[in-house]
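These are my notebook entries on one chain.

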Amino acid sequence: MLKNRLFHSLRGYVKAEIKGKYTELFLNRCTEKNIPIWSVKRVDDETISCFFYTKDIKSIRKLMRRTGCRMYFKGRYGFPFFLKKVDARKGFVLGLLFCLFIIFLCSNIIWSIQIKGASPEVEHKVRQALHNVGVKKGAFIFFLPSEQEIQQTVTEQLENVTWMGVKRLGTQYSFDVVEKKIPKEKPALNPRNLVAKKKAVIHKVFVEQGQAKVKEKDYVQKGQILVSGYIGKDENTKVVPAKGKIFGEVWYISEASVPLKTIVVTNTGKAESKHIIQLGKLKIPVWGFNKKGFKEMEIINDEKPIYFLKWKLPIAYIKQTMLEIDNVTRSYTKKEAVKTAIELTKKDLLRKLSEDAEIKGNKILQQKYENGKVNVMIHYQVIEEISKEQPIIQGD
């Protein structure tokens, strides 16, 4: 039914009343000439109503002259009549289309950029970085990189930013910034001792103020006083805030398990791209028709939705990038697996240590081969700052 209606609309058809004494004869003549007529209804004894295609009007007029009938049009329908109406209002239609085009253009341009969570200084730097990647007022959104690429590029350029979220809301880009928190140095005005925060063997002692209570190669327990805030003797004794840095040798145990065979997914460097217009759920390729991709591949879709004012239309432009991938089996000998385990545990340990810490050496305590994996236990010797403040309460 829907298919027939669509077919009728594309060809154009009319509704007409046929009047005369021989309307049945008229219908018979139409059947003989293979002229399609449908929805025939009798209005009165000498009148019928029916539908027929526009292209058959000329033939029908000839049949009416032969049968003594007259024809009165009651309605015109279909695409050809719509085109005639459009042609008659050409100026209005062109103006309307131009207006819609301007609104569409303005709906896909950046009109506002909001940055939240940043200090004025960092916000200025963020705006400069965004300007460098093309994100600025008046920029056409289609030509901008994806939100993920903007986030990665701008975050890498800014040292004071830990994380930045990117969100597009119609013609507005919103950025949530998390700044790095630099701890403020506490004023060392209150009397205090410096004590050990962990067991260690003293490696170096640097005392700026206070009285050193340990020397190199001393073994200290957690909580032991390293630098005292009491200086002077007898009645000349006074209390000061102890200052200094005490480096000690500390020991850590790390464990790692490394499989001898691992399947790794790698990118071969080959890539192909397709350009697609999406209408609802229908995807229509507009460029790169012969790009069929690869046997093994990763597909990345860069979708740019189209807006009309604040509404997101069910239309989008998609750049589809197909990256060829390959599954590579990485094999280690037992010796290489142990070396890899040492590197992994070393990186993991350095992430947990302070910036001035240094790994002095390591020793493998245990090494086992089980179920295709090498399990290693490693002892690390680390030189690091081991002191922490301990306030001195006057009167103790």
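**Helix pair H6 and H7**

I looked up the handedness and found that H6 passes H7 in a right-handed crossing; a crossing is right-handed if the near helix is turned clockwise from the far one by less than a right angle, and left-handed if anticlockwise. Helices (H or I, at least four residues) and strands (E, at least two) are DSSP runs numbered from the N terminus. I worked on a predicted model, in which local features need pLDDT of at least 70 and side-chain atom pairs count only at pLDDT 80 or more, while totals for chains, interfaces and linings use all residues. Residues are numbered from 1 along each chain as its sequence is written, and side-chain values use heavy atoms, with hydrogens and water left out.

For H6 (residues 120-132) and H7 (residues 147-157), I noted axes that come within 10 Å and cross at roughly 130°. Axes are lines fitted to C-alpha atoms, for helices over the stretch in contact, and angles run from 0 to 180 degrees between N-to-C directions. H6 and H7 are therefore oblique to each other (under 35 degrees is roughly parallel, over 145 roughly antiparallel, 65 to 115 roughly perpendicular, the rest oblique).

I listed the contact (heavy atoms within 4.5 Å): Ala129, Leu130 and Asn132 of H6 meet Ile150, Val154 and Gln157 of H7. By class, this contact of H6 with H7 has 4 nonpolar, 2 polar and no charged residues (Ala, Val, Leu, Ile, Met, Phe, Trp, Tyr, Cys and Pro are nonpolar; Asp, Glu, Lys and Arg charged; the others, Gly among them, polar).

**Helix pair H2 and H3**

I found H2 (residues 23-32) and H3 (residues 57-67) packed at about 140°, their axes 10 Å apart. H2 and H3 are therefore oblique to each other, and their crossing is right-handed. From H2, Leu25, Phe26, Arg29 and Cys30 meet Ile60, Leu63, Met64 and Thr67 of H3. I counted 6 nonpolar, 1 polar and 1 charged residue in the contact of H2 with H3.
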